[in-house]
Amino acid sequence: MKKLSIVTYSIIIFLVSFLYFSWATGNTSLWDIDEPIYAQSLKEMIAHHDLVVPTFNGHILPDKPILNYWLMWCGTKVFGWNSLGLRVGSAFVGALLILLLWIYVSRLYNPTIALLAASITATLLHSTVIFRSATPDPLLILTVSAALIFFITGYVERDKNHYRFLLFSYAAMALATLDKGPIGFLLPGLIIVLFLLIQRNLQFLWNEGRLYIGIPLFLIIVLPWYVAVGIETHWAWDQVFLLQQNIGRFDSSMQGHRGPWFYYVLSIFLGMLPWSIFLPQTLVLAIRKRYFLDGEFHVQNLFLVIWAAVWSVFFSLSATKLPNYVWEVYPPLAILLAVYFVQLLREHETRPPVLYWLSGLVLFTIGVTLSILGGWVLPRVQPELPNLAFIGLPYAIAAAMATIFLWKRRLRAALSSLGAGAIILSALLVFQYTPEFNHLKPSRAMGERIREIQQGLPYRLASWQWFQPNFLFYAGEGAMRIHRLPNLDKVPLLARHMPLYLVCPYSRVRDVLAAVKPPYCTTLLLVRYEIYDREKISLLRIEKGC
């Protein structure tokens, strides 16, 4: 492929990917617990004119390092303090990942495999979620993938300039460490060492790996912030982060995030839909053709398998389990799927094997099941939820069409059907369904009501028997804190000099009215059903002398 064509294709692929990940990203308010925690932390950092120490509700927040905060800050500078501004950085990172796969898989394999791998990664079900969230995960996915892809590129090419890819790998691991901590270099390093041991070439690290440059480069990138946050917090941030957020998460489950040993087998299959239906065939063919041990691209294929296996096994052993933890196995599996598809195109099979029919049936069943759950089961269990009857149709229709095309030996048409189904499902989720959940997340409406009443005048926030981080983000101004009350005794003191806005379950409003005595009075401003705790939440205004 000509150099000009590569540049043109790269620009188009990046722009299309960015538009795909960013379309309607601002349609919904901040989603779960994590997004508003990071957003509020950034808001407090800016209010304190301190982009070094993350805080939440006035206390240091040792959950994650600094890099994602800086990314979100850049987004808010362009698009403002809203969902789009906070999330657009993740969409940008997702587009960079797709571009990275296109450019370097083209070098490691060929442009056809690269385009397939990039397309598969972009249209994964989990991609629709992860690259639209204001969390550190997208940056870790990009930096870890870059570190490992740069390494194998430098290892395979072995020309006089191959060391530059190794230096890129060290730099990417440093950025991953600034985003999520030691996992950013420990696991990629383990993957690289195991690969070299299997290749019986561990000496590559010191003979050609430029460790004497790479380690100082890594430290130059990583140490300034870790030292700065340590000095500002008297090393409290570093200690809690390393002991609790890293060792603690591996040793014991945190926040109820636990699961059985096969948790990530199921998680990877669901997250990689619709393409995961071909993973069994890919592994069977790879073993039968000895792709991992010999043949074309065997070094690259072996590295990808080690990458996926080490990452998934490591987190399977961890006590804390979340689907996001193993997203880093998707790029190597997507590349292996692309290699499998290209092999099928070369072989021109006379008839599809039995596994094709089984794969199509599995995806069709998943699609029908999703529609039944979303259209009939969930509305009966939770009447407040929107009707999601059409959510599984894109997969069901795509599975039926793909199976027909496969029977006719039209693999390209089958893959196009699955890709179209994935894109349609993404559009359905982003434009139709997720905005319908906004009214089930009352925090933004509460914040708007408070600002409408206060008109810039001072006020206080408090919560009793209910709290979600997104309430503090939407209702608070700057570094304002919220008082999480164990009881109602302090309400008169908090409302003495300025209005107090109190959130609590609607079922406890009578207790508040009974506890607040004259000269204080209470006004019920808003009552909304809240999706996380599955109960009605009320916003009250308490003031003196009304």
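**Close-up 1. Surroundings of Ile 277.** Ile 277 touches Phe 269, Ser 359, Val 362 and Leu 363, not counting residues up to four places away in sequence, where contact means heavy atoms within 4.5 Å. The residue is placed in the loop between helix 13 (263–271) and helix 14 (279–288); helices (H or I, at least four residues) and strands (E, at least two) are DSSP runs, numbered from the N terminus. Ile 277 counts as buried, at 6% relative accessibility, buried meaning under 20% relative accessible area, exposed over 50%, and partly exposed in between (1.4 Å probe, protein chains only). The C-alpha atoms of Ile 277 and Ala 399 are separated by 10.0 Å, although these residues are 122 residues apart along the chain. The loop between helix 13 and helix 14 also holds Pro 274, and the peptide bond from Leu 273 to Pro 274 is cis, with omega near 0°.

This is a predicted model, in which local features need pLDDT of at least 70 and side-chain atom pairs count only at pLDDT 80 or more, while totals for chains, interfaces and linings use all residues. Residues are numbered from 1 along each chain as its sequence is written, and side-chain values use heavy atoms, with hydrogens and water left out.

**Close-up 2. Leu 461 and the nonpolar cores.** The largest nonpolar core has 155 residues, of which Phe 195 and Leu 461 touch the most other members; such a core is a set of buried Ala, Val, Leu, Ile, Met, Phe, Trp, Tyr and Cys residues joined through side-chain atoms within 4.5 Å. Beyond residues up to four places away in sequence, the contacts of Leu 461 include Ile 450, Phe 471, Leu 472, Met 480, Ile 482, Leu 500 and Tyr 501, and also Arg 481 and His 483. A second, separate core of 16 residues includes Leu 500, Leu 502, Val 512 and Leu 540.

**Close-up 3. A nonpolar surface patch that includes Val 368.** Ten residues are shown here: Leu 358, Leu 361, Phe 364, Val 368, Ile 372, Leu 373, Trp 376, Val 377, Leu 378 and Val 381 form a nonpolar patch on the surface, with about 860 Å² of accessible area together. Val 368 lies in helix 17 (residues 354–381) and is partly exposed, with a relative accessible area of 32%. Patches are made of residues with over 30% relative accessible area and no salt bridge, like charges being joined within 9 Å and nonpolar side chains (Val, Leu, Ile, Met, Phe, Trp, Tyr) within 5 Å.

**Close-up 4. Cys 504 and its nearest cysteine sulfur.** A search of the whole structure finds zero disulfides, a disulfide being a pair of cysteine sulfur atoms within 2.5 Å. Cys 504 is in no disulfide, and the nearest cysteine sulfur, that of Cys 521, is 16 Å away. Cys 504 is buried, with a relative accessible area of 0%, whereas Cys 74 counts as partly exposed at 42% relative accessibility.

Close-up 5. Asn 57, in the loop between strand 1 (55–56) and strand 2 (59–60), has a positive phi of about 55° although it is not a glycine, and it counts as buried at 12% relative accessibility. His 234 lies in the loop between helix 11 (211–232) and helix 12 (236–251); its phi is near 55°, a positive value in a residue other than glycine, and His 234 is exposed, with a relative accessible area of 71%.

Definitions and conventions: Accessible areas come from the Shrake-Rupley method with a 1.4 Å probe; for residues, only the protein chains shown count as cover. A salt bridge is a side-chain nitrogen of Lys or Arg within 4 Å of a carboxyl oxygen of Asp or Glu.
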